[in-house]
Protein chains: 2
Amino acid sequence: MKSRRTLNIGLCGLGTVGQGVWKHFGRFRADLEARLGARIVLRRVSVRDPRKARGVRVPASKLTTDPLSIANDPQIHIVCELMGGTGTARQVTLQALARGKIVVSANKALICVHGAEILAAARRHGGHFLFEASVAGGIPLIKAVREGLVANRFPRIYGILNGTCNYILTKMEELDTPYASVLREAKRLGYAEKQESLDVQGWDTAHKASILAWLAHGVWVRPEQMIVEGIERITPADFRNAASLGYGIKLLAIITRDFATNEIGVRVHPTLLPQETVLARVSGVFNAISVTGDVVGTTVYIGRGAGQDATASAVMSDLADAVALLLHGKGAHFMGEDRPPAAKGTRLAPPERIRGRYYVRLTVADQPGVLARVATIMARNRMSIASVIQGPSERAGLASLVLTTHESDERSMRGALRALTALASVREAPLLLRIGDFGD
Amino acid sequence: MKSRRTLNIGLCGLGTVGQGVWKHFGRFRADLEARLGARIVLRRVSVRDPRKARGVRVPASKLTTDPLSIANDPQIHIVCELMGGTGTARQVTLQALARGKIVVSANKALICVHGAEILAAARRHGGHFLFEASVAGGIPLIKAVREGLVANRFPRIYGILNGTCNYILTKMEELDTPYASVLREAKRLGYAEKQESLDVQGWDTAHKASILAWLAHGVWVRPEQMIVEGIERITPADFRNAASLGYGIKLLAIITRDFATNEIGVRVHPTLLPQETVLARVSGVFNAISVTGDVVGTTVYIGRGAGQDATASAVMSDLADAVALLLHGKGAHFMGEDRPPAAKGTRLAPPERIRGRYYVRLTVADQPGVLARVATIMARNRMSIASVIQGPSERAGLASLVLTTHESDERSMRGALRALTALASVREAPLLLRIGDFGD
């Protein structure tokens, strides 16, 4: 018989996700108590402003404005950090781990920047750090990569990890509408934050890519070491051009590893995906991730990547794992503190080894000879042109010149972009998109 | 520090999947030993015929022809049952569990028929029974439903669970070719078994549906309690008709639960899926499962549902869980022996409560008045016709009459089918397909 132990949970943060956890906690607790035979109590909740109106009612006796008091409360076994940010959240996390507690986190920015330190703290003090909700919202992707596909090495993982961007891109394509007006509408509907730059410039996706790269390859890659490009400069014309070539456009995180050279690539950029690809058809706020393992082949995971309920679902799965860990010992083998074994001897792929095909849109003077000059620059940079689309520009009096290339590499492409930008007949910075012919 | 314990694995069966496990075991063991600090040994392997030529070389000293000796070997901690069948496999499983061992199984037929007995044995003797490989091959679907989505109840799970059927249906549609010739080609390529009936008549899918229903709802539903219909009578014309209505055709397992009435539905049948649905586009031998949770919303999982490597990947993830369980105690909370808590008070939905839209293809005498007689029968059975496609039949001198209906139920549909079959002008048994307008 299992002993009827009481396990206390402290919730730091009562924003969107925290309220989601609170909302679903009653049934979740009843199920878990019936199954595991322990008493589970949501004991304390920290908020910044106890008087703020919220969608859920939390008894005043449970509320505190001091999240560190939760981290340090010897009665609390599991700390659920849903505040966000990398300041107090880091302190709360490290202090809770220093006391041997289990910390459940949805804070991708914190993990991306301080993951190594946090996981070392968990290891050192015998605690655990669980973060299913930090990547791909409700999709149990971290568990899939870490446990379900444990027998695999991962030559390629790529996916749509930011619902805001996918919503914007979907609407731009469907409605043939410019970025700015779709963004406005997305803000109005709550699908985009008031401060949208973290999402639309690709940084949120980069945080998640960093976590996935660590899970798959055991190395921390910081966003500033990646190629990170956002979606702000994409136009409806790019969708039309892409469609005419058989592609859709998605903001992807792409994590590759070449097991011959042991080179790892982590990048985030808008990508032309063949229209028949499953991911090209994932629309709106949904996330989708393609995980290729060397044993299992390619598996794909689709679901809501954000939102109160989907994220709460992931947080609660970590809470269930945490409860099981506390009741039954260190059974879940690939949880938080374990470092994947594959990290030895890896290095980041240098630009000349990141290969692919490219789509370049140039806004040029509408005059003869421009294509010749552009083609000369491409040739000088050893880039072979696959197709050319010429048409009117959205800017009056100018023309649009769209090139796609055969396979080349980032160094060559950067050289070509520098030279193209310097051309007098090129009237604004070239827009570069990459083509993702992944073959599945 | 972890103690350097030795854990011994016994492998019963060295067919396709067993050879896959053997092939990948070296690297898997090295990874796992580095991570978990134990020694892991594949100690014995049982085969029916030790002299048979195989794709892998197993030292003669490890081989036995007696799988029960592995189940009863006190040195062996984990028994991996990959023989198939429900006779010896059941004995091996029960004897290993009776000795408190962990059993890893890919044997969906065994679990479907004897799951309750097996899980009770695991519970009684403190062992564990793990079966990730039994459903959806390499996709970590069981872990997703059981652990990743633990905070959810599941109003609907549906999916493509048989790669052979999906391959046949995909080729029939792509090549506009009859069932029999696609089946012949599938057998030649190794995508269909010589004895194909278990797959094409839907029984293999039913076994997997039974396991998923248990995972989601805690009740065992036997195939003979389900609607189980296969793909043998589908024709290229059905694909053309479906396409003209905006649908593809997939063999689906559909598991529903109405939480208001607590009624569970489990059925397997060819289904018209809207072409824009992700699952409608999953082609060839791939499996795909849509899991709707009441908290997370809809998540979708895609990957190879069979084959040596994909299935071995799933078996090895169970082996990793088994090793962790043995080293660290009963940590993995929702493994085998736990009964989902949601089973209380459920009952199977009676036919009149299984609602949906229908596609009926009739082969009729090419003469006036047939549609009127058919329409009268539909009306008498309270079925409302949504569309009619009349055309030539593939049988000379006869006509094809295809009806789709508005929403109705299985009881009404069965009544209508009986009356239609009895009509003199209806010249062969009606073909019934169901329409899956699931909305995601």
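Two residues are taken to be in contact if their C-beta atoms, placed from the backbone, lie within 7 Å. By that criterion, 47 residues of chain B are in contact with 47 residues of chain A. This is a predicted model, in which local features need pLDDT of at least 70 and side-chain atom pairs count only at pLDDT 80 or more, while totals for chains, interfaces and linings use all residues. Residues are numbered from 1 along each chain as its sequence is written, and chains are lettered from A and ligands numbered from 1 in the order in which they are written.

**Where chain B touches chain A**

- The elements of chain B that give two or more residues to the side touching chain A are α1 (16–36), α5 (141–148), β12 (297–304) and α11 (308–328); such helices (H or I, at least four residues) and strands (E, at least two) are DSSP runs, numbered from the N terminus.
- The largest share of this side of chain B, ten residues, comes from α11(B).
- By class, this side of chain B has 23 nonpolar, 15 polar and nine charged residues, where Ala, Val, Leu, Ile, Met, Phe, Trp, Tyr, Cys and Pro count as nonpolar, Asp, Glu, Lys and Arg as charged, and the others, Gly among them, as polar.
- Strand β12 (residues 297–304) of chain A runs antiparallel to β12(B), to which three bridges join it; two strands pair if DSSP finds at least two bridges between them.
- Within this pairing, Tyr301(A) has Tyr301(B) as its bridge partner in β12(B).

**Strand β7 of chain B and its partners**

- Strand β7 (residues 156–160) of chain B is mostly covered, with four of its five residues buried, a residue being buried if 20 or more other C-beta atoms lie within 10 Å of its own, exposed if 12 or fewer, and partly exposed in between.
- Four bridges join β7(B) to the antiparallel strand β9 (residues 247–258) of chain B, where Thr256(B) is the bridge partner of Arg156(B).
- Five bridges join β7(B) to strand β11 (residues 286–293) of chain B, also antiparallel, and there Ala288(B) is the bridge partner of Ile160(B).

**Domains of chain A**

- Chain A is divided into domain 1 (6–137 + 308–343), domain 2 (147–304) and domain 3 (351–435), with bounds that come from an automatic or database domain assignment.
- The C-alpha centres of domain 1 of chain A and domain 2 of chain A lie 27 Å apart, and the contact between them takes 17 residues from domain 1 and 20 residues from domain 2.
- On the side of domain 1 of chain A that touches domain 2, the largest share, six residues, comes from helix α4 (residues 108–125) of chain A, and by class this side has twelve nonpolar, three polar and two charged residues.
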